[in-house]
Amino acid sequence: MNLVTLLVAGLANGSLYALVALGLVLIYKTHDLVNFAHGEILMAGGFIGFTAYQTMHLPYPVAFLLAIALGGLLGAVIELVAFRRVADQHHITLAMVTVGLSVFMKGIARVPFGTDIYTFPPAFSADRITLGSAVIAPQHLLTIGIAALLTLLLFLFFRYTTLGKQMRATQQNITGARLVGINTGRVFSSTWSLAAALGAGAGVLAAPLSLLYPDMGTNFLLKGFAAAVLGGFESVPGAIIGGFLVGIIEMLFGGYVSTAFQQVSAFFIIIVILFIRPNGLFGRRAVARV
Amino acid sequence: MTMLSIRNLEAGYGSLKVLRGLSLEVPRGRVVALLGGNGAGKTTTMNAIAGLLPAAGGEIRFEDRELRGLPSHRVFARGIALVAQGRALFAEMTVRENLELGALAARSRPDIVALTEDVFRRFPRLRERVEQRAASLSGGEQQMLATGRALMSRPSLLLLDEPTTGLAPIIVSELGRIIRELNAGGLTILLVEQNVRMALQVADEVYVMRNGEIVLHGAAAELQNSDEMFSSYLG
């Protein structure tokens, strides 16, 4: 296999993992909670995009934005209905809530979509690009480009907007956030919205590369989780780089070693890395909360 | 004129009652100190005023409007800023970012540059550390930053919860001077302290509490040499 082909495909998958990891890290930094329903938010985004693009024949950018907007709304609703009243409970309890939410959302998706597997056509039907001996799919380039754009927007949001700064402040010290008059309830709601919007956007991008079915989220959750762990789980740049690494490692492993172990190769590399750096590539020392 | 008036305040943590009917008044333009031993309920009182801890009973009136039951951001919006024990800084952010956040949710649209400059004039050490992370500051500098951050919202009532804990004597007296200066500029201050000597020097009025109740109240000048003061404080 051609190295450039593999790298581009790896980067495309890696950008998706990075988006998933970003959503996980945002929730984790705010609530000390791993959101096990994040894969289902991605699935929901995929189906929203599919319905808008395939069934309702809306233009692709509209379908994409719609998935992001409804994904954000879904996040806010999840926070309001499932978390606001139990936010003070032990984080194991909260994690169980997300597990329940995951099963619930898969069940809901089966009502209109059954157990069928849907194909989501690429955004545009351009031919594959050949660069020397490398073959590059336009959908891969689109995925990398949009993921990069979303990451840049997120970075600008956290750096320059009042809400973004207040979200970072709440992540660092919730008492401090209350002391400076931040409405932390609104910050929680916004954080869920943002994380879910990123997840839903990743779902639309993921659907043409994988396939669309109610259980599709599990694999992305695992890879996104691996990416976040690799990056240290507290670090936004870590999540992005972790995502790229997981995507590229599994492509190269599949291309040069064996496709049989492609899906688990990234996890193997992560185990090795965590032996050497237990807190991840960008993690700080672990602080136990028991 | 009374700015903050607390009557029969009850608060606690779960089934543990810490405040059992606490009453005190903070007149506008004064420095009032709230003293007492460990576990007397001083921090609980401050947290209940600031809306960090829901009060179970009684009333907290600020400028003739009820505060009890309001969440912390609404209390803050009325013009009350708390400098908490432990400082609660944003550890990974710079001094500048910490100060900016102090103003972002303030009542009126703040002039952050002018407010920051004002804080730097009061705490010149912070100016030298402006791009450093809050976590890298010394204890005294962190206390200055926490106080400066609270001032960024231009509060009309400043609550200071044990600002001198763990600080060197020279920093303690500097902090005392700054409290007097802030008060001279028109700020009303409620100060919780373990350092009785410092509190008596800067405060106009003193309340002493024990087991969740006020046991002594008087002008600081009168209590300075009173045996009653020390016996009630020491229990």
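Buried denotes a residue under 20% relative accessible area, exposed one over 50%, and partly exposed one in between (1.4 Å probe, protein chains only). By this scale B:Arg177 is partly exposed, at a relative accessible area of 42%. The structure is a predicted model, in which local features need pLDDT of at least 70 and side-chain atom pairs count only at pLDDT 80 or more, while totals for chains, interfaces and linings use all residues. Residues are numbered from 1 along each chain as its sequence is written, chains are lettered from A and ligands numbered from 1 in the order in which they are written, and side-chain values use heavy atoms, with hydrogens and water left out.

**Interface of chain A and chain B**

- Contact, meaning heavy atoms within 4.5 Å, involves 18 residues of chain A and 20 residues of chain B.
- The two chains bury about 1,700 Å² between them, and carbon and sulfur atoms give 61% of this area. Buried area is the accessible area (1.4 Å probe) that two parts lose on being put together, summed over both.
- A:Gln172, A:Leu179 and A:Val180 account for 37% of the area that chain A buries against chain B, more than any other three residues.
- Between the chains there are two salt bridges and seven residue pairs in polar contact (both at pLDDT 80 or more). A salt bridge is a side-chain nitrogen of Lys or Arg within 4 Å of a carboxyl oxygen of Asp or Glu. A polar contact is a pair of N or O atoms within 3.5 Å; within protein, one must be able to donate a hydrogen and the other to accept it, and residues adjacent in sequence count only if both atoms are side-chain atoms.
- On the side of chain A that touches chain B, helix 6 (162–172) and helix 7 (174–179) of chain A each supply at least two residues. Helix 6 of chain A provides the largest share, six residues. Helices (H or I, at least four residues) and strands (E, at least two) are DSSP runs, numbered from the N terminus.
- The side of chain A that touches chain B comprises five nonpolar, eight polar and five charged residues. Ala, Val, Leu, Ile, Met, Phe, Trp, Tyr, Cys and Pro count as nonpolar, Asp, Glu, Lys and Arg as charged, and the others, Gly among them, as polar.

**Salt bridges between the chains**

- B:Glu100 pairs with A:Lys165 in a salt bridge whose closest N and O atoms are 2.5 Å apart.
- B:Glu97 and A:Arg168 also form a salt bridge, at 3.4 Å from N to O. This pair joins two chains, because B:Glu97 lies in helix 3 (residues 95–104) of chain B and A:Arg168 in helix 6 of chain A.
- B:Glu97 is buried at 17% relative accessibility, and A:Arg168 is likewise buried, with a relative accessible area of 17%.

**Domains of chain B**

- Chain B is divided into domain 1 (2–79 + 156–234) and domain 2 (89–152), with bounds that come from an automatic or database domain assignment.
- The centres of the two domains, taken over C-alpha atoms, are 23 Å apart.
- At their interface, 16 residues of domain 1 are in contact with 14 residues of domain 2.
- The domains bury about 1,200 Å² between them, 70% of it on carbon and sulfur atoms. B:Phe76, B:Ile178 and B:Leu182 supply 33% of the area that domain 1 buries against domain 2, more than any other three residues.
- One salt bridge is found across this interface: B:Glu181 with B:Arg122, the closest N and O atoms being 3.9 Å apart.
- Helix 2 (72–77), strand 7 (157–161) and helix 7 (169–184) of chain B are the elements that give two or more residues to the side of domain 1 that touches domain 2. Helix 7 of chain B gives the most, with six residues.
- The residues on that side of domain 1 are eleven nonpolar, two polar and three charged.

**Salt bridges within chain B**

- B:Glu181 also forms a salt bridge with B:Arg177, the closest N and O atoms being 2.6 Å apart. Both residues lie in helix 7 of chain B, four residues apart, about one turn of the helix.
- B:Glu181 is partly exposed at 35% relative accessibility.
- B:Arg125 and B:Glu141 form a salt bridge with closest N and O atoms 3.4 Å apart. The pair links distant parts of the chain, 16 residues apart, with B:Arg125 in helix 5 (residues 124–128) and B:Glu141 in helix 6 (residues 139–151) of chain B.
- B:Arg125 is partly exposed at 29% relative accessibility, whereas B:Glu141 is buried at 3%.
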